[in-house]
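Here is a short note to read beside the model. The points run from the whole chain down to single residues.

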Amino acid sequence: MQVNIENLEEELARFYSAKDFETMAQTIRHLFRMLRQDQRMFGMALYEPVSDRYLYRIAHLLHRRQSAVLNANTVMHVISQVYTTGGHTRVFEDIVSAMPEKKHVLIMTNATEHYTGYLRLPDLLEERFRKLGVEVIFLQKGGLLDRIYELLDHVDHFAPQTIFLNAHHEDVIAYGAICGDTAPRVHFLHHADHHPSLGATRPDYEHVDLTAECHRFCCTHVVPAPSMLNMTVTDKGAIYAVPQGPITGATSGAHHKFHGKLLFSYPELLAAMFKSGLEKFYHIGDLSATEIEHIRKEVVLNGADPDRIVFTGNVPSLADFLKELTPHFYMESHPVGGGKARIEVMSLRLPVLRAEPDEKIPLFRWVDNKIGSAVLITTLDEVAAKLQELLQNRERIADENRLFYEENHRPERFRDTLLAMTEILPEGARPPVPDDYKDAGDLTLMSTHEIRALDTELDRRAGTGHPASILKPEVQSPAGTAVSGHEGYLFIGNGTNRWEEQFLGTLDPGVDWLGAWSELLDRRQSMAQAAGVSLWNLVIPEKQSVLTRKRWPDFPDAEIARPILKLLDKVEIDKHLMYPDRTLLTATASSPVFFRHNSHWTASGCLAVIRLLMMAFSSTVDVDTLKFKVERRTLAHDLTVHFFDPAPEEEVVNLAACGKVVADNRMYQLQGRHTGSSYKLENLSAPEKRSVMIFGDSYSYDAGLSYALSAIFSTVSFIWSKDILWSEVTAQKPDIVLWESAERYILTVPTD
């Protein structure tokens, strides 16, 4: 069965409306199997929120209020499969070992396999789990929905106070049965950190990351912000004896950790180290004879002796084996690292060598001060120098790793974290589930007058007395990304775009800049005429351009000719370049046009510009007679997160899409990348029957511009792009093309 991800929302909505949960679950599971096989997703994508949203709706619909008294001492672990080796099974065992006083129940969904009718643990795991005192239960029924109900029956029976979801990417049973209300504490353990995984965007769960690399990514993309459970290993003592004689190294891991290449492959790296003085290298882990032969041949092809690598196979204990070997260093698996093995190595006081080419997938990149100490190799040319650097600094690096283990990964700290995770939270501590996660239905409709009134009230609450408004003026965030103004207003700082230098007129855009923009605007109008479309260019003023005195109260009355103003002076009116600074400034008399603690405009600010666009588009629609879809949310604003940890939250009102989504590539949710994201909205009841195509950034993507236009025009298409993609214009044939950009990007001239 093929799943067209472009139409996934429509497909799942149809199944949900028909209460055909079995087909919905099968569809989602099949989709995630395909995503897992797609190498473009590997290490690049973690999330698929549409599937998460519909599985939440199933779980919430099937949720049963527990009539029995909660068993405060019972912890339930919902797991898809377990393995004799592998990180997520070891994490489960570590959690059980850390809290021996609690009753641990393991529910095996077997969701990744076809039902066989007879299920049991491998002998080795059966013995290990028996010693831990774990009660193991396999779901026995055949259908996915049947097993969802069966899992809920077990929840009713055991009434656990805490549930740990340690399930695989496609486990629709775990995520379709368990919602955040199933138990007082429901933790999503994000161990599936190489592929898109169900559960990763669920706001009803407490999101817990297990590796620093994954945590860095999730802190940016997951709301509410995730917590971190630093994994642990038993302290088996440190290696203090400095190895004498020939240089030796070691690594560990199964085949998938070493498959493929990023700039260079594992065998190429080995060969370079052998040629740089490495005498012997031990590969610990289960590799097939074919895989071993492939590595040996590749080492030979790269001019090195394959007999210098020793394949040991699996060992009972990595730590014990490394203590026997006492290698000069441990090399992390390449191109995919191993988080659990790294902790064992740090506990032993071993230095780490790590391949970190520029091509390294973002999810696998080194996180400074979060995962110990290592020497990083970026190219094969520097292997010899890096190997010498490691040997010269071996004792310092080894000491730093041991200290990092003691401070972050000792079993005592692991236990303390877990005990806190099993305590009942105070009333109101859990954030509410967003409206768009709940059953489909109209969001609130509001007039422009009502929106202005609500924006004004929410801005008042964000003013004096709000935790985010306490900063004194001129305080910069650690990286200079944001800066505080007056009356609690926060602004984008100078940053990589050197925005405040632009505003203050101290940054010269260059002698060719005006000419390049002038030529581009001429070319755009010619292209638009040839395509038969009306084209407008909209530059959205930055917050300082409208609320200048909130940033600098003594700013001179004379306006400084910042780049956009120079450009406006040069281009003719027929080039359709719009810069609505005066429009927004005038609108401040009736409502706030920018959030105090956000870099973007409010719904009122957006609608003020929409009125201007209607005049430009020769539309007769009176914006003030319409009602717009809005949603009220509680969140931490994009500027507060640079100053506070955790950032204080506040209520906002945002514009929402009208009509229905007929296409959405969800590039950002799937790959964590905004550029190239696109969607298409259709509103058959819109007063304007023309279509609009937008090329822009966050102001159009989710900060209101596209959504406001979807209340007016029958079709609104959006593509996140700095350029106008004329091939898309030709393909979709809109009536109006709108290019939009935030002012701070104006120094970069698009190339369309």
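1. For the charge count, Lys and Arg are taken as positive and Asp and Glu as negative, with His and the chain ends left out. On that basis the chain carries 78 positive and 101 negative side chains. The centres of the two sets lie 2 Å apart.

2. This is a predicted model, and what follows should be read as a description of that model. The chain contains 27 helices and 27 strands. Its C-alpha trace spans about 80 × 65 × 50 Å along the principal axes.

3. Does the overall radius of gyration point to a compact or an extended chain? A compact globule of 752 residues would have a radius of gyration near 27 Å, and the chain has 29 Å, which agrees. Of the 752 residues, 57% are buried. Among contacts with a separation of 6 or more, 74% are between residues 24 or more positions apart.

4. The largest nonpolar core has 56 residues, and Ile610, Leu613, Leu655 and Leu709 have the most contacts inside it. Helix H23 (residues 603–616) gives the largest share of this core, nine residues. Ile610 touches Val623, Leu705, Ala708, Leu709 and Ile712, with residues up to four places away in sequence not counted. Another core, of 51 residues, lies apart from it; Leu165, Tyr175, Leu198 and Phe217 are among its members.

5. Helix H21 covers residues 563–570, and Pro563, Ile564, Leu565 and Leu567 are buried there. What do the buried residues of H21 pack against? Their partners are helix H17 (499–503), helix H18 (513–531), strand E19 (534–540) and strand E20 (577–578). As background, an α-helix has 3.6 residues a turn, so residues three or four places apart point the same way. Ile564 and Leu567 are both in the buried set of H21.

6. Thr74 sits in strand E1 (residues 71–79). Is Thr74 buried or exposed? Thr74 counts as buried because its relative accessibility is 5%, and the cut-off for buried is under 20%.

7. Some backbone geometry deserves a look, because most residues other than glycine have a negative phi and most peptide bonds are trans. Two residues with positive phi are described here. Asn110 has a phi near 55° and belongs to the loop between strand E2 (103–108) and helix H5 (123–132). With a relative accessible area of 9%, Asn110 is buried. Arg349 has a positive phi of about 65° and lies in the loop between H12 and strand E14 (352–355). Arg349 is buried as well, at 2% relative accessibility.

8. One joins His334 and Pro335, with omega about 10°. Pro335 is in the loop between strand E13 (329–331) and helix H12 (339–347). Another runs from Asp645 to Pro646, with omega near 0°. Where is Pro646 placed? Pro646 lies in the loop between strand E21 (627–635) and strand E22 (650–655).

How values were computed
Residues are numbered from 1 along each chain as its sequence is written. This is a predicted model: local features need pLDDT of at least 70, side-chain atom pairs count only at pLDDT 80 or more; totals for chains, interfaces and linings use all residues. Side-chain values use heavy atoms; hydrogens and water are left out. Helices (H or I, at least four residues) and strands (E, at least two) are DSSP runs, numbered from the N terminus. Buried means under 20% relative accessible area, exposed over 50%, partly exposed in between (1.4 Å probe, protein chains only). Contact means heavy atoms within 4.5 Å. The radius of gyration is taken over C-alpha atoms; the globule rule is 2.2 Å times the number of residues to the power 0.38. The place of a charge is taken as NZ of Lys, CZ of Arg, CG of Asp or CD of Glu. A nonpolar core is a set of buried Ala, Val, Leu, Ile, Met, Phe, Trp, Tyr and Cys residues joined through side-chain atoms within 4.5 Å.
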